[in-house]
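Good morning, and thank you for coming. I would ask you to keep the sequence and the model in view while I speak.

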Amino acid sequence: MALFGNAHTIDPMTAQQDYARLLGHGEQVQAAFLLIRDTMLFTDRRLVLVDKQGITGKKVEYHSVPYRSITHFSVETAGHFDLDAELKIWISGTPTPIAKTFTKGVDIYEVQAILTQYVAR
């Protein structure tokens with residue numbers, strides 16, 4: 001369904017259970033988003049990007065980004081003809097940003113607010 005623009009938020013408690021093996025002792029998922037096949041987790045310590053790869057999605061890359069290493073980010077909202085919003089995150093020491101596309105099922109302003117909350121600490 002996500003292929004047709006139904007990307008959505010995931011209940012943080014569900015994400016906490018689904019990704020428990022990735023989390024440190026006492027680490028809590030604050031917000032989670034499903035982006036087509038990938039998942040973005042905002043924990044109280046870091047941003048975790050879950051990238052399902054290949055045709056079957058059995059191969060998975062887990063990219064952990066401590067909030068302190070995010071130097072800046074940008075949000076591009078959806079327009080009339082371009083229905084997708086985009087988030088770019090720059091990591092210290094890396095010139096190319098991490099880019100994630102959000103379909104209309106996710107409020108990009110909510111994502112931006114959550115990221116601002118943790119990066120501004």
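This is a predicted model: local features need pLDDT of at least 70, side-chain atom pairs count only at pLDDT 80 or more; totals for chains, interfaces and linings use all residues.

Contact here means heavy atoms within 4.5 Å, and buried means under 20% relative accessible area, with exposed over 50% and partly exposed in between (1.4 Å probe, protein chains only). Helices (H or I, at least four residues) and strands (E, at least two) are DSSP runs, numbered from the N terminus.

Residues are numbered from 1 along each chain as its sequence is written, and side-chain values use heavy atoms, with hydrogens and water left out.

Which residues of H2 are buried? They are Ile108, Val111, Ile114, Leu115 and Tyr118. Viewed down the axis of H2, the buried residues fall within an arc of 125 degrees, so they line one face of the helix. The arc is taken from the directions that run from the helix axis to the C-beta atoms. As a general point, an α-helix has 3.6 residues a turn, so residues three or four places apart point the same way.

The helix itself has twelve residues, and H2 reaches 16 Å from its first C-alpha to its last, close to the 16 Å expected at 1.5 Å a residue. The expected span is 1.5 Å times one less than the number of residues. At the start of H2, the backbone nitrogen of tyrosine 109 has a side-chain oxygen of aspartate 107 within 3.0 Å.

I turn now to the nonpolar core. By this I mean a set of buried Ala, Val, Leu, Ile, Met, Phe, Trp, Tyr and Cys residues joined through side-chain atoms within 4.5 Å. The largest such core has 22 residues, and those with the most contacts inside it are Phe33, Met40, Phe42, Leu47, Leu87, Phe102 and Val111. At least two residues of this core come from each of E2 (29-35), E3 (38-43), E4 (46-53), E7 (85-91), E8 (98-102) and H2 (108-119). The largest share, five residues, comes from H2. Another core lies apart from this one; that core has nine residues, among them Ile10, Leu23, Val48 and Val50. In soluble globular proteins, nonpolar side chains tend to be buried together.

Neighbours within four places in sequence aside, valine 111 is in contact with Phe33, Phe42, Leu87, Phe102 and Val106.

How many salt bridges does a search of the whole structure find? The search finds three, where a salt bridge is a side-chain nitrogen of Lys or Arg within 4 Å of a carboxyl oxygen of Asp or Glu. Side chains of opposite charge can pair when their charged atoms come close.

One of them joins arginine 46 to glutamate 27, with the closest N and O atoms 2.8 Å apart. This pair links distant parts of the chain, 19 residues apart: arginine 46 lies in strand E4, and glutamate 27 in the loop between helix H1 (12-18) and E2. Both arginine 46 and glutamate 27 are buried.

Another joins lysine 100 and aspartate 38 through their side chains (3.7 Å, N to O). Here too distant parts of the chain are linked, with lysine 100 in strand E8 and aspartate 38 in strand E3, 62 residues apart. Lysine 100 counts as buried at 15% relative accessibility, and aspartate 38 is buried with a relative accessible area of 16%. Residues up to four places away in sequence not counted, lysine 100 touches Leu35, Asp38, Met40, Leu49, Ala85, Glu86 and Leu87.

There is also a salt bridge between glutamate 86 and lysine 88, whose closest N and O atoms are 3.9 Å apart. Glutamate 86 is partly exposed at a relative accessible area of 22%, and lysine 88 is partly exposed at 29%.

Terms used
A polar contact is a pair of N or O atoms within 3.5 Å; within protein, one must be able to donate a hydrogen and the other to accept it, and residues adjacent in sequence count only if both atoms are side-chain atoms.
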